[in-house]
Amino acid sequence: MIDYELVKYDSKIGYYSYYISGNGRDDSIYRADSVFKSKLLYYTSHVPSTLTQPFDSLKKSGVAIATSVDGLFRIYNWDNETGGTMRFYDNVFQYKNEGKVTSGILPYCYSPEDDDPGCGYSDTIYMVKTNNKIYYIAIYYVIASSRVSAKGVRFFTVDNGKMNDTVHLIRTKTGLTSHIEYEIDNNLRGSDKPGGDGNIL
């Protein structure tokens with residue numbers, strides 16, 4: 001039931017994107033995206049069973065769901081249809097800690113105010129345990145244009161019951177960071193540029 005309810009709201013984003021033109025189109029898309037995001041946040045924070053729900057219909061509608069191998073952490077991500085060749089993604093995270101399921105809005109990988117795209121996330125979120133703490137490893141992708149894209153790795157963990165998305169576990173030449181990525185020139189596949197020489201601490 002929740003699956004179909006969310007699809008109903010998500011489909012409005014695509015409708016305004018593909019079938020509406022002229023003045024008001026962008027505003028309609030933003031409103032539809034905002035309503036869908038609020039509905040997703042409501043259900044993922046008020047209905048604990050959504051953490052393990054397959055959401056088959058929602059996935060078919062274009063919402064990707066990345067789930068950790070222990071089933072306790074998810075990232076819902078979708079193209080909000082506000083971009084051109086540069087694609088923008090919205091993300092909602094959901095996790096279970098001490099028996100309580102919580103969700104929230106995951107900050108952009110970059111800043112939308114600077115016209116940088118958000119990130120999409122691959123299906124599986126991996127895990128590593130060190131110093132008696134579990135760290136989640138999410139693989140993300142960025143579509144900056146028809147020519148330039150990027151892939152990267154980002155770390156998450158739960159600190160004091162809250163999701164921490166700025167875990168500085170990777171040492172680079174410029175210091176510690178919470179993510180590392182490499183750029184891809186889609187026209188010159190052999191010229192991928194690493195985003196830094198990173199080592200996991």
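Leaving aside residues up to four places away in sequence, Ser103 touches Leu41, Thr44, Ser45, Val92, Phe93 and Gln94, where a contact means heavy atoms within 4.5 Å. The model is a predicted one, in which local features need pLDDT of at least 70, side-chain atom pairs count only at pLDDT 80 or more, and totals for chains, interfaces and linings use all residues. Residues are numbered from 1 along each chain as its sequence is written, and side-chain values use heavy atoms, with hydrogens and water left out.

**Ser103**

- Ser103 is placed in strand 4, which covers residues 100–105; strands (E, at least two residues) and helices (H or I, at least four) are DSSP runs numbered from the N terminus.
- Ser103 counts as buried because its relative accessibility is 15%, the class being defined as under 20% relative accessible area, with a 1.4 Å probe and protein chains only.
- The side chain of Ser103 makes a polar contact with the side chain of Thr44 at 2.9 Å, and a polar atom of the Ser103 side chain also lies 3.3 Å from the backbone oxygen of Leu41.
- A polar contact is a pair of N or O atoms within 3.5 Å; within protein, one must be able to donate a hydrogen and the other to accept it, and residues adjacent in sequence count only if both atoms are side-chain atoms.

**Pockets**

- A pocket is an open set of points on a 1 Å grid over the protein atoms alone, where a 1.4 Å probe fits, with protein on both sides within 12 Å along at least five of seven lines, and its lining residues have an atom within 4 Å of a point.
- The largest pocket has a volume of about 200 Å³, and its lining includes Asp70, Leu72, Tyr95, Lys129 and Thr157.
- Strand 3 (89–97), strand 6 (133–143) and strand 7 (148–159) are the elements that give two or more residues to the lining of the largest pocket.
- The second largest pocket has a volume of about 170 Å³, and among the residues that line it are Val7, Tyr18, Ser61, Trp78 and Glu81.
- Helix 1 provides the largest share of the lining of the second largest pocket, with 6 residues.

**The whole protein**

- The protein has 3 helices and 13 strands, and buried residues make up 39% of its 201 residues.
- Among contacts between residues at least 6 apart in sequence, 51% join residues at least 24 apart.

Note on methods
Buried < 20%, exposed > 50% of the residue type's maximum accessible area, 1.4 Å probe, protein only. Points joined across faces, edges and corners; volume = space filled by probe spheres on them.
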